[in-house]
Amino acid sequence: MSENSVILEKHGAVATITLNAPQKKNALSTSVVNVLAGVIADVERDGSIRALLLRGEGRMFSCGGDIDEMAAAGEALSTLVDDELRVVERMIPQFASLPFPVVCAVQGAVAGGGLGLALASDYLIAASGTKFVAAHTGLGYAGDFGISWLLPRAVGGRRARDMILTNRVVGSDEALAWGLVEKVVPGESLLDEAQRMTVQFSTGPTHGYAGAKRLQLAAFESGLVTSLRLEAAEMNRASKTTDSLEAVHAFVAKRVPQFTGR
Ligand SMILES: CC(C)(COP(=O)(O)OP(=O)(O)OC[C@H]1O[C@@H](n2cnc3c(N)ncnc32)[C@H](O)[C@@H]1OP(=O)(O)O)[C@@H](O)C(=O)NCCC(=O)NCCSC(=O)/C=C1/CC=CC=CO1
């Protein structure tokens with residue numbers, strides 16, 4: 001798989017990551033995951049990025065792990081799984097905690113590791129007709145790419161267990177009703193709508209967004225008292241930013257705030 005299997009583009013404060021192996025249905029092979037992890041580390045290091053769009057080229061967002069690669073691995077399958085998941089173990093938390101909003105646009109099908117990756121974004125937009133499937137148990141696996149943590153938090157424990165154990169396909173309308181996605185749009189509008197949301201986030205209060213993401217991730221692992229303490233720290237930090245002062249003054253002056261990400 002070439003370096004072009006994942007494309008990173010930057011335009012001002014907006015970055016776009018495109019899974020670009022449409023002929024392989026954007027399968028998450030070992031090499032694709034290695035390139036993707038490098039690209040995610042790049043956008044994290046780049047202090048000028050204020051919003052990210054993740055998308056997949058072609059008919060499907062991603063069919064998950066590359067079953068052709070698994071079949072070809074033969075007796076080396078467990079080594080392949082180990083190698084890939086060692087990278088995934090660092091990549092998914094890094095992706096989920098990027099210090100700016102991440103929009104993910106999906107179409108066609110979102111399966112296995114592709115579902116974990118999509119769920120690690122902040123704002124998930126699906127083209128009408130998209131199919132969501134956990135897929136792992138269909139191959140005798142239990143789950144990876146954070147699906148065991150992310151899916152129950154998105155749709156609740158019982159629905160997540162249903163998807164994971166029965167491997168049933170959830171359609172886009174059901175996904176919207178369950179809170180698995182934030183929005184469903186016609187396929188022809190998907191990219192425009194995802195880009196519009198990404199640009200909107202890129203002109204928002206970046207530090208406030210980053211703090212809100214940190215709080216939400218921490219809240220999954222702590223109690224109310226700890227959450228309140230962390231909120232106070234984030235509020236204190238945010239109250240010193242230019243964007244927060246601007247928002248307060250704009251409110252009083254009855255004008256739209258101009259956020260700069262500082
Ligand atoms: C729900 C589907 C993703 C899509 O269904 P549908 O739209 O009906 O399309 P199909 O006709 O089934 O498939 C189209 C072609 O794509 C090929 N394909 C589909 N999935 C994969 C795949 N994962 N790897 C390779 N190729 C795939 C399929 O063979 C068709 O090819 P042809 O056109 O040439 O016939 C549905 O396809 C589906 O459920 N796919 C399986 C999903 C799956 O099991 N994914 C892997 C789960 S495990 C995982 O995600 C992660 C890892 C990580 C690392 C290591 C090891 C394991 O798992």
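1. How many of the residues of strand S2 (residues 14–19) are buried? In this predicted model, 6 of its 6 residues are buried, so the strand is mostly covered, where buried means under 20% relative accessible area.

2. Strand S1 (residues 6–11) pairs with S2 in the antiparallel sense over 6 bridges, with Val 6 opposite Leu 19. The two strands make a hairpin with 2 residues between them, and Gly 12 in the turn has a positive phi of about 60°.

3. S2 also pairs with strand S3 (residues 51–56), here in the parallel sense and over 6 bridges.

4. The ligand has 23 residues around it, of which Cys 63, Gly 65, Ile 67, Gly 113 and Asp 144 come nearest. The shell comprises 12 nonpolar, 5 polar and 6 charged residues. At least two shell residues come from each of helix H2 (67–73), helix H3 (77–96), strand S5 (109–111) and strand S7 (131–133).

5. A ligand nitrogen lies 3.0 Å from a polar backbone atom of Ile 67. A ligand oxygen is 3.2 Å from a side-chain N or O atom of Lys 131, and an oxygen atom of the ligand is 3.4 Å from a side-chain N or O atom of Asp 144. The protein buries 67% of the 1000 Å² that the ligand exposes when taken alone.

Note on methods:
Residues are numbered from 1 along each chain as its sequence is written. This is a predicted model: local features need pLDDT of at least 70, side-chain atom pairs count only at pLDDT 80 or more; totals for chains, interfaces and linings use all residues. Side-chain values use heavy atoms; hydrogens and water are left out. A residue is near a molecule or strand if one of its heavy atoms lies within 4 Å of it. A polar contact is a pair of N or O atoms within 3.5 Å; within protein, one must be able to donate a hydrogen and the other to accept it, and residues adjacent in sequence count only if both atoms are side-chain atoms. Accessible areas come from the Shrake-Rupley method with a 1.4 Å probe; for residues, only the protein chains shown count as cover. Helices (H or I, at least four residues) and strands (E, at least two) are DSSP runs, numbered from the N terminus. Ala, Val, Leu, Ile, Met, Phe, Trp, Tyr, Cys and Pro count as nonpolar, Asp, Glu, Lys and Arg as charged, and the others, Gly among them, as polar. Buried means under 20% relative accessible area, exposed over 50%, partly exposed in between (1.4 Å probe, protein chains only). Two strands pair if DSSP finds at least two bridges between them.
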